[in-house]
Amino acid sequence: MLNSVINVVIAGLGGQGVIKASDVLADAAFRAGFDVKKSEIHGMSQRGGSVSSDVRFGKGVLSPMVPVGEADFLVALDVTQVEPNRHQLREGGVVASPMREVVRLHASSGTTGKPIVVAYTQDDINVWSSVMMRSFAACGLHAGDIIQNAYGYGLFTGGLGAHYGAEALGATVIPISGGNTDRQIMVMKDFGVTAICCTPSYFIHLIERATEMGVEMKKLPLRAGVFGAEPWTEGMRKHIEANSSVKAFDIYGLSEIIGPGVGIECRHQAGLHIFEDHFLVEIVDPETDNPMPDGSEGELVLTTLSKNAMPIIRYRTHDITAIVPEPCTCGRTIRRIRRIGRRSDDMFIIRGVNVFPSQIETALLAVEGTLPHYQIVLTRAKGLDNMEVRVEVTPEVFSDKISSLEALQKKLSQAIERVINIRADVRLVEPRTIPRSEGKAKRVSDQRKM
Ligand code: DLL
């Protein structure tokens, strides 16, 4: 994965900035013990001999020294340069520290294609533990709490990220990982668990299963849920808080930046505080790439400020949010972002209308009698797109008369139409028929391309 010489592509529009960047890189590379050779700056006069090897820049300039697909690292001085130059990168990861300093590898779950491998030095792990520790503290947790960590352990960053943070806090961690739902409930009850970490959709499943097992969730000492790794709505929060004893906190993060712990809600549950001493936040217009002012919605772009093994500059997360500029009443001075309801790439187009799964979820959960389990199935017949929304109803509603079920179906269909302006076929399904996930829920099944 790592060579003693790193091939770096500096992508920018030229000028002093590029030269400065190559100087900084060369300096860092020297100090890290790399074999730095010489600079290669197209279109400019060469400056000195002490610049990082194989540095190049420029929009359409292809370097004879860094063949396409062979760059280890892309330094983009301008956010617009990331995508057009991505093809220069070598497959299989980019590590900026010597491999002997890398103490851990993880991989993103990846919505498409191959997973992205991410690497950490010991310092990176320490930063991660620290931001996770602060995250737990923001939820009001402290030493003495018993934290059941039901995020998956393994390549997924959720499990070990939360684990190290909880230990740094001085809490007692139960490293149960995801799955084995009955055992989760037994452990929660028997160990006097006070906080749980998992995806919000899995916690809803835990609530249901506990009820079936005769365990009263509201009577447990559980008081905080640290939920993230997937989009969820205020409707889901209401459902969780009404059906259990937890206050539900939203935690955000992504493997490429560090894992969980980029941001978290505080007790006011009014946006996620970003740990700005480690992560620089920007919002850009996903269409034009222009920076957006605070308060305007756009794509979250993150830069790591303290990572060693995989520093990342202006990473396009695809997550849509806005910066909340007002200070929070909790007193923290780090800024907040709005909860992430959607990704720019989870949008689907149906009969020409752009739709996000979270819009459907908001519409469904505003109507009484439904459960936060739904699936959107897209099909195509004779060239015409169709959207069916399968939604689970509560057992009480399901045993109602046909006429009341039909009335509910109509109500849901109208609620969806009000939000997205097109009709969807709503199908009410029996409780427990939509597949449950132990990790991230899969909401959309697009069968149009199959
Ligand atoms: O999901 C890291 C994580 C683990 C976050 C545990 C929180 C808790 P990835 O598998 O790389 O990493 O997926 C990252 O998940 O870009 C978002 O699209 C989505 N995501 C993560 N947290 C949230 C959240 C982990 N709170 C991708 N709300 C991100 C909405 C979220 N989406």
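Reply:
**Helix 8 and its sheet**

Helix 8 (residues 357-365) lies across strand 20 (370-381), strand 21 and strand 23, and runs at about 130 degrees to strand 20. Helices here (H or I, at least four residues) and strands (E, at least two) are DSSP runs numbered from the N terminus, contact requires C-beta atoms, placed from the backbone, within 7 Å, and angles run from 0 to 180 degrees between N-to-C directions, with axes fitted to C-alpha atoms, for helices over the stretch in contact. Helix 10 (residues 402-420) also packs on the sheet, where it touches strand 20, strand 21 and strand 22, and its direction makes about 135 degrees with that of strand 22.

All of this is a predicted model, in which local features need pLDDT of at least 70 and side-chain atom pairs count only at pLDDT 80 or more, while totals for chains, interfaces and linings use all residues. Residues are numbered from 1 along each chain as its sequence is written.

The sheet itself is open and has four strands in the order 22-21-20-23, with mixed pairing, where two strands pair if DSSP finds at least two bridges between them. Strand 22 (425-429) and strand 23 (444-446) stand at the edges, each with a single partner strand, so one side of each has no neighbour in the sheet. On average, neighbouring strands of this sheet are turned by 20 degrees against each other, direction ignored. Strand 21 (residues 384-393) and strand 22 run parallel and are joined by five bridges; Arg390, for example, has Arg427 of strand 22 as its bridge partner.

Returning to the helix, seven of the nine residues of helix 8 are buried, so helix 8 is largely enclosed by the rest of the structure. A residue is buried if 20 or more other C-beta atoms lie within 10 Å of its own, exposed if 12 or fewer, and partly exposed in between, with C-beta atoms placed from the backbone. The buried residues of helix 8 are Pro357, Ser358, Ile360, Glu361, Ala363, Leu364 and Leu365. They pack against strand 20, strand 21 and strand 23 of the sheet, and also against helix 7 (234-243), strand 17 and helix 10.

Which residues does Val389 touch, not counting residues up to four places away in sequence? They are Ile360, Tyr374, Ile376, Ile416, Ala424 and Val426, and Ile360 is one of the buried residues of helix 8. Val389 is also among the residues that touch the most other members of the largest nonpolar core, together with Phe136, Val226 and Val262, in a core of 101 residues. Such a core is a set of buried Ala, Val, Leu, Ile, Met, Phe, Trp, Tyr and Cys residues joined through C-beta atoms within 7 Å. Helix 3 (residues 122-138) gives the most to this core, with seven residues.

Strand 12 and strand 13 (residues 298-304) run antiparallel and are joined by six bridges, and the bridge partner of Leu280 in strand 13 is Thr303.

Asn308 is found in the loop between strand 13 and strand 14. With 19 other C-beta atoms within 10 Å, Asn308 is partly exposed, and Asn308 touches Ser97, Thr121, Asp123 and Asp124, not counting residues up to four places away in sequence. Asn308 and Glu101 are 207 residues apart in sequence and 9.5 Å apart in space, C-alpha to C-alpha.

As for the chain as a whole, its secondary structure comes to 10 helices and 23 strands, and 42% of its 450 residues count as buried. Among contacts between residues at least 6 apart in sequence, 63% join residues at least 24 apart.

Notes:
Contact = placed C-beta atoms within 7 Å.
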